[in-house]
Amino acid sequence: MSVGETPITVVGNLTDEPELKFTPSGAAMAKFTVASTPRTYDKNTGQWQDGVGMFLRCTAWRELADHAAETLTKGMRVIVTGRLRQHNWKNDQGENRAMLAVEVDEIGPSLRFATAKVTKTQRPGSAAPSAADDPWHTSRPAPAGVTSGYSGGGEEPPF
């Protein structure tokens with residue numbers, strides 16, 4: 001990140017499917033909008049009240065764009081981190097216009113109200129990782145009832 005950039009993290013829902021496009025040079029670009037609406041609890045009425053919704057246009061590039069378009073769907077709750085950018089232009093009537101958007105550095109599904117299964121992708125041109133290269137790999141079988149994660153065994157975790 002450069003000096004003077006505005007970092008931002010947004011949690012919200014996708015308003016539509018990510019739109020995957022390609023630049024003339026072949027770089028993947030995914031555009032999508034995240035709607036974030038604050039909610040507050042009104043003690044007097046005993047009900048939740050929705051605040052003013054904010055809709056942020058987001059752009060992801062290259063592999064991140066491919067992964068977002070393949071993984072994310074309309075309505076999905078996501079967490080987006082990136083840099084806030086202001087775009088300025090003149091409309092057909094010559095009036096100045098401006099829009100805030102997010103250039104996405106990371107995006108993923110929120111696990112607050114859902115679960116997800118993560119599949120690591122292979123980078124083009126790299127060899128498949130071996131168990132010896134994976135600091136999280138353990139050759140010991142997991143205890144009964146444990147299907148993933150740290151298997152324990154009385155040792156400290158590998159971090």
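1. Start with Thr59. This residue sits in strand S6, which spans residues 54-61. Thr59 is buried, because its relative accessible area is 11% and the cut-off for buried is under 20%.

2. Now go to Arg62. This residue belongs to helix H1. Arg62 is exposed, because its relative accessible area is 54% and exposed means over 50%. Check its backbone too. The phi angle of Arg62 is near 55°. That is a positive value, in a residue other than glycine.

3. Next, the overall layout. The chain has one helix and eight strands. Read from the N terminus, the order is β-β-β-β-β-β-α-β-β. Trace that order once along the chain before moving on.

4. How much of the chain is buried? Of the 159 residues, 22% are buried.

5. Consider contacts along the sequence. Take the contacts between residues at least 6 apart in sequence. Of these, 55% join residues at least 24 apart.

6. Which elements line the largest pocket? The volume of this pocket is about 780 Å³. There are 24 lining residues, and the closest to the centre are His67, Thr71, Val118, Thr119 and Thr121. Helix H1 (62-71) and strand S8 (96-109) are the elements that give two or more residues to this lining. H1 gives the most, with seven residues. By class, the lining of the largest pocket has eleven nonpolar, six polar and seven charged residues.

7. The second largest pocket comes next. Its volume is about 280 Å³. It is lined by 13 residues. Nearest the centre of this pocket lie Thr37, Pro38, Arg39, Arg77 and Phe113. Three strands each supply at least two lining residues: S1 (6-14), S3 (28-36) and S5 (47-50). S1 has the largest share, with three residues. The lining of the second largest pocket divides into five nonpolar, four polar and four charged residues.

8. How are such spaces found? Rolling a probe the size of a water molecule over the atoms shows where empty space is left.

9. Finally, confidence. The mean pLDDT of the chain is 85. Of its residues, 77% reach 70 or more. Among the elements, S3 has the highest mean pLDDT, at 97. Strand S4 (residues 39-42) has the lowest, at 92.

10. Where should you be careful? Over residues 148-152, pLDDT stays under 50. For this stretch the model has nine contacts beyond four places in sequence. Where pLDDT is low, the predicted coordinates should not be read in detail.

Key: Residues numbered from 1 in each chain as written. Predicted model: local features only at pLDDT ≥ 70, side-chain atom pairs only at ≥ 80, totals over all residues. Heavy atoms only, no water. 1 Å grid on protein atoms, 1.4 Å probe; cavity = no way out; pocket = protein on both sides within 12 Å on 5 of 7 lines; lining within 4 Å. Points joined across faces, edges and corners; volume = space filled by probe spheres on them. Helix = DSSP H or I, 4+ residues; strand = E, 2+ residues; numbered from the N terminus. Nonpolar A, V, L, I, M, F, W, Y, C, P; charged D, E, K, R; others polar. Buried < 20%, exposed > 50% of the residue type's maximum accessible area, 1.4 Å probe, protein only. Contact = heavy atoms within 4.5 Å. pLDDT = per-residue confidence, 0-100.
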